[in-house]
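Open the model in your viewer and keep the selection tool at hand. This tour goes stop by stop, saying what to select and what is there.

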Amino acid sequence: MKDSIEQRLNIAFWALISAFFVNFLGYAFIVPILPSWQAQFDINATQATLLVSLWAVPMFLMGPLSGRITDRYGAGTTILASLILLTISSGIYLLATNEWLPHPFLALCFARLLHGASGATIMTAGLAAASQLWPTQFGEQAGKLLGIAAIGGLLGPVFGGVLFAWGEALAFGFLAATTLCVVPVVAYASRIIGRSQKPSLGTASIKVFFTDPVLLRVGILLAITTVATGALEAGVPLFLNDTLGLSSAEIGGVLLVMVLMQGLGSLIWGKLVDRNGPTRYMILGWSVVVISLIGVGCVGWIYTGTHAIIGMIILLGAFQFSIAAAQIPMIPIIDTATNQALGEGNPGLAFGAFGTAWAAGAILGPLLVGPVFDIFQSWALALGVLAIPASIALFITLRNREILHECYDLEMQRRLKS
């Protein structure tokens, strides 16, 4: 019996890992292609970074709705439908890039929105399913899921840059085929991943996420993490192209170092949270994030050429590793705080609501870095200014460390006893 349960959990785990990977592979796939689209469609830095931000717009608008859909129809069915939409969006990217559609830039925007809508439900449903399948090991499992997502998100620019240099059809054909390959895996595991949920306390109100002190603070902190990551993902490739003259393939190579650091950080911090609680790692993470962002701005301002590239690789690697320490512990806190506030049966709603917070940061990040560059014509300033919101997040964490830890600890003790 125990072996049967373990086998089913393994099937669900690999299906979720695959879905998260291809979802975030497409998220940043277009980043090294932005300079080419800038020239092709004659757009400025703000418009180029807007394409990155558009991915998160559906998650921002539909977060709670995607959560309710997940709870009603089940995580497995939700993820399966979303993967099909992801495949379709890849085809639209190809048609728009080759200008085989009227108003191709608007078609790119539509593809980005479609991609974001399906991606939002995958993240919401996947985290909701994991919180139910592994209630006392959720930190570790969430770390693995988001670690693989980060690897997909950072491998996206690598594959996107290299394959786009060889041909548009090859690049977006690869993205569509990779996503399509995951469809039968998720279809097979759909029933195991999760069915519909019945809330234990009836219909929950989204208002609780603004009135509960823990949920509100974690939502703000989560948004700030994605402000920083979204801004860097959009701004760094443009910095490397505009200032250092690197090609799409070379930009992808620079970003490759960040893959290992983000993925490794997510795995490590997730395990440590389950053992020792979340807040100490959040404080450590935010501290290093602030230092690394200040360093990115200084390196971009002072150095050029090889020295600038090496400095950026080191600092961005430190940033990716430490932002995971700030971000991963928040996921278990969301789960435990929601259970205390709403009872069981609302995992989709919880992660849908915080998908909105995640998306708000992902939208604001690129929209922050693009206009700052357009105004001041300095990528060093545009990237370095991100240390300001990171410092605010560090202050919020330090100020509320006791209430965050107490919420997590009380719920986890209850689960271990039950």
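**Stop 1**

Select E99. Its relative accessibility is 45%, so E99 counts as partly exposed, between the 20% and 50% cut-offs. Bear in mind from here on that this is a predicted model. E99 sits in the loop that runs between α5 (75-97) and α6 (104-133).

Now look at the backbone. Phi of E99 is near 60°, which is positive, and E99 is not a glycine. Most residues other than glycine have a negative phi.

Stay in this loop and select H103. H103 also belongs to the stretch between α5 and α6. Is H103 buried or exposed? H103 has a relative accessible area of 59%, so it is exposed. Its phi is positive too, near 55°, in a residue other than glycine.

**Stop 1**

Go to helix α4, residues 57-73, and select M62 within it. M62 counts as partly exposed because its relative accessibility is 32%.

**Stop 2: the salt bridge**

How many salt bridges does the count give? The count comes to 1. To see it, select K144 and E140. The closest N and O atoms of this pair are 3.3 Å apart.

Both residues are in helix α7. K144 and E140 are 4 residues apart there, so about one helical turn separates them. K144, at 22% relative accessibility, counts as partly exposed. E140, at 17%, counts as buried, because buried means under 20%.

**Stop 3: the largest cavity**

Turn to the inside of the model. There are 5 cavities of 30 Å³ or more. The largest cavity has a volume of about 270 Å³.

Which residues lie nearest the centre of the largest cavity? Select F24, T229, E233, Q262 and W358. They belong to a lining of 20 residues.

Now colour the helices around the largest cavity. α1 (2-27), α7 (138-166), α10, α11 (248-276), α13 (305-327) and α15 each supply at least two residues of its lining. α7 gives the most, with 5 residues. By class, the lining of this cavity has 11 nonpolar, 8 polar and 1 charged residues.

**Stop 4: the largest pocket**

Next comes the largest pocket, which holds about 260 Å³ of space. Select F209, F210, A353, T356 and A357, the closest to its centre among the 14 lining residues.

Which helices each supply at least two residues of this pocket's lining? They are α9 (208-211), α10 (213-242) and α15 (347-376). The lining of the largest pocket has 12 nonpolar residues, 2 polar ones and no charged ones.

**Stop 5: distances across the chain**

Finish with a few pairs of residues. Select N241, in helix α10. N241 counts as partly exposed, because its relative accessibility is 25%.

I375 is exposed, with a relative accessible area of 62%. N241 and I375 are 134 residues apart along the chain, and 18 Å separates their C-alpha atoms.

What is the C-alpha to C-alpha distance between I375 and N44? These two are 12 Å apart in space and 331 residues apart in sequence.

Last, select G300, found in helix α12 (residues 279-302). At 17% relative accessibility, G300 counts as buried.

Definitions and conventions: Residues numbered from 1 in each chain as written. Predicted model: local features only at pLDDT ≥ 70, side-chain atom pairs only at ≥ 80, totals over all residues. Heavy atoms only, no water. Buried < 20%, exposed > 50% of the residue type's maximum accessible area, 1.4 Å probe, protein only. 1 Å grid on protein atoms, 1.4 Å probe; cavity = no way out; pocket = protein on both sides within 12 Å on 5 of 7 lines; lining within 4 Å. Points joined across faces, edges and corners; volume = space filled by probe spheres on them. Nonpolar A, V, L, I, M, F, W, Y, C, P; charged D, E, K, R; others polar. Salt bridge = Lys/Arg side-chain N within 4 Å of Asp/Glu carboxyl O.
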